[in-house]
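Hi,

Here is the structure I promised to send over. Have a look at it first, and then read on for my notes.

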Amino acid sequence: MKRVYDGKKIITGLVLFLAAFTSPFWYNTVFGTFDYVPELKVEKNGKECVKRTSYMKTNHMVLLRFWRDEVVRSGKRIYKKEDGTEIEMSLSGTCLKCHKNKEEFCDRCHGYLGKAPRCWSCHNVPREAKK
Amino acid sequence: MRRRDFLKIAGLGFISGLFLSSVSFSFKPTRRVRWGITIDVLQCKKNRDCKVCIEACHEIHNVPDVPDPKEKVMWIWTSTFEKAFENELGPLVKETRGSDPVLLLCNHCENPPCVKVCPTGATWKREDGIVMMDYHRCIGCRYCMAACPYGSRSFNWKDNRRYIKKLNYDFPVRTKGVVEKCNLCEERISKNLLPRCVEACPYGALTFGNLNDFQSSPSRLLRERLSIVRKPHLGTLPNVFYLL
């Protein structure tokens with residue numbers, strides 16, 4: 001191998017640069033919140049979600065979109081759950097009745113994912129749901 | 001088979017066919033619901049400064065009270081006879097009654113021009129005659145505002161939430177960049193309630209009902225009294241009638 005002029009300095013510089021550049025990752029693994037998952041506040045009180053929790057986790061936006069089209073475009077307001085009970089299809093009126101703490105539920109999860117649905121510029125957050 | 005027998009059987013078949021088809025016609029479902037409103041102009045004239053229906057409607061639908069007249073948002077509002085019925089009134093009537101107040105709202109036309117021009121399907125005519133808005137689909141192009149000959153639609157030029165005096169938490173507000181208008185209280189009709197303006201009027205000047213139902217209040221009034229609609233020459237066929 002040919003000699004590199006000032007090899008030692010260059011290598012040290014490179015190592016220092018890499019260490020500085022990746023420092024946030026090291027910092028996080030050592031001290032931090034690398035495996036941080038937001039804790040969601042769900043008031044269970046014996047009730048179940050509109051559909052299975054596993055379905056809601058991944059597909060609640062599909063359900064909401066379906067509700068929206070049913071109410072606004074088809075004029076239907078009543079949704080039949082799998083167990084036969086009937087509920088009103090309403091974002092503010094139904095979802096937020098149970099998930100009272102929007103900030104610590106919807107917003108916390110969306111915030112973690114960097115997702116901000118634009119629904120709340122029009123849909124009101126009920127008074128009890130506000131903190 | 002003899003010719004005579006053939007004719008007998010064919011005739012019998014023909015008659016029973018006629019009978020059956022008349023029976024099946026009479027069992028046909030009645031015509032669709034067609035919601036309509038009548039407004040008694042004389043009552044509004046007697047109570048010139050009354051704004052009860054307007055305030056009631058705007059309160060439950062979170063319609064903002066924008067101070068700038070160019071950016072006003074209105075679902076129901078008043079104008080004068082002269083302005084509302086420019087071409088329908090004779091010149092002499094204009095002198096005597098031109099300044100009478102007239103209540104205006106979306107006419108929920110049978111033949112709505114706004115629906116034809118909407119590029120996203122955000123506004124359409126429901127089976128029961130209500131011209132609906134889907135705010136989720138509105139892109140704010142304002143073609144519908146240009147097409148509506150009655151000025152029934154308002155645009156949200158900015159975020160108007162701050163101009164809502166008392167927020168009704170049960171009805172969504174609208175954001176900057178969408179067009180809005182009267183929905184004939186579709187959300188109340190679905191719960192068997194009257195439109196809020198009709199319910200709120202302390203003088204019974206407004207009636208609401210199915211125009212295809214012979215016994216509904218508006219169709220009874222329309223049989224008894226003279227009425228006009230706005231700009232009939234345009235062929236939009238409004239479902240809001242003014243009783244004279």
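Before the details, one term: a polar contact here is a pair of N or O atoms within 3.5 Å, and within protein one of them must be able to donate a hydrogen and the other to accept it. Also keep in mind that this is a predicted model.

You'll find Arg126(B) in the loop that runs between strand 4 (123-125) and strand 5 (131-133) of chain B. Is Arg126(B) buried or exposed? It has 15% relative accessibility, and the cut-off for buried is under 20%, so Arg126(B) counts as buried. Leaving aside residues up to four places away in sequence, Arg126(B) touches Gly75(A), Met132(B) and Glu186(B).

The contact between the chains draws on 16 residues from chain A and 23 residues from chain B. About 1500 Å² is buried between chain A and chain B, with carbon and sulfur atoms giving 48% of that area. How many salt bridges are there between the two chains? The count is 2. One salt bridge pairs the side chains of Arg73(A) and Asp134(B), 3.0 Å from N to O. As for polar contacts, 9 residue pairs turn up across the interface of chain A and chain B, counting pairs with both residues at pLDDT 80 or more. On the chain A side, helix 3 (residues 53-74) supplies the largest share of what touches chain B, namely 4 residues. Sorted by class, that side of chain A has 6 nonpolar, 4 polar and 6 charged residues.

Now for chain B as a whole. It has 10 helices and 10 strands. The radius of gyration of chain B is 23 Å, whereas a compact globule of 244 residues would come in near 18 Å. The C-alpha trace of chain B spans about 90 × 45 × 30 Å along its principal axes. Of the 244 residues in chain B, 46% count as buried, and Arg126(B) also falls in the buried class. Finally, take the contacts in chain B between residues at least 6 apart in sequence: 64% of them join residues at least 24 apart.

Cheers

Notes. Residues are numbered from 1 along each chain as its sequence is written. Chains are lettered from A and ligands numbered from 1 in the order in which they are written. This is a predicted model: local features need pLDDT of at least 70, side-chain atom pairs count only at pLDDT 80 or more; totals for chains, interfaces and linings use all residues. Side-chain values use heavy atoms; hydrogens and water are left out. Contact means heavy atoms within 4.5 Å. Buried area is the accessible area (1.4 Å probe) that two parts lose on being put together, summed over both. A salt bridge is a side-chain nitrogen of Lys or Arg within 4 Å of a carboxyl oxygen of Asp or Glu. A polar contact is a pair of N or O atoms within 3.5 Å; within protein, one must be able to donate a hydrogen and the other to accept it, and residues adjacent in sequence count only if both atoms are side-chain atoms. Helices (H or I, at least four residues) and strands (E, at least two) are DSSP runs, numbered from the N terminus. Ala, Val, Leu, Ile, Met, Phe, Trp, Tyr, Cys and Pro count as nonpolar, Asp, Glu, Lys and Arg as charged, and the others, Gly among them, as polar. Buried means under 20% relative accessible area, exposed over 50%, partly exposed in between (1.4 Å probe, protein chains only). The radius of gyration is taken over C-alpha atoms; the globule rule is 2.2 Å times the number of residues to the power 0.38.
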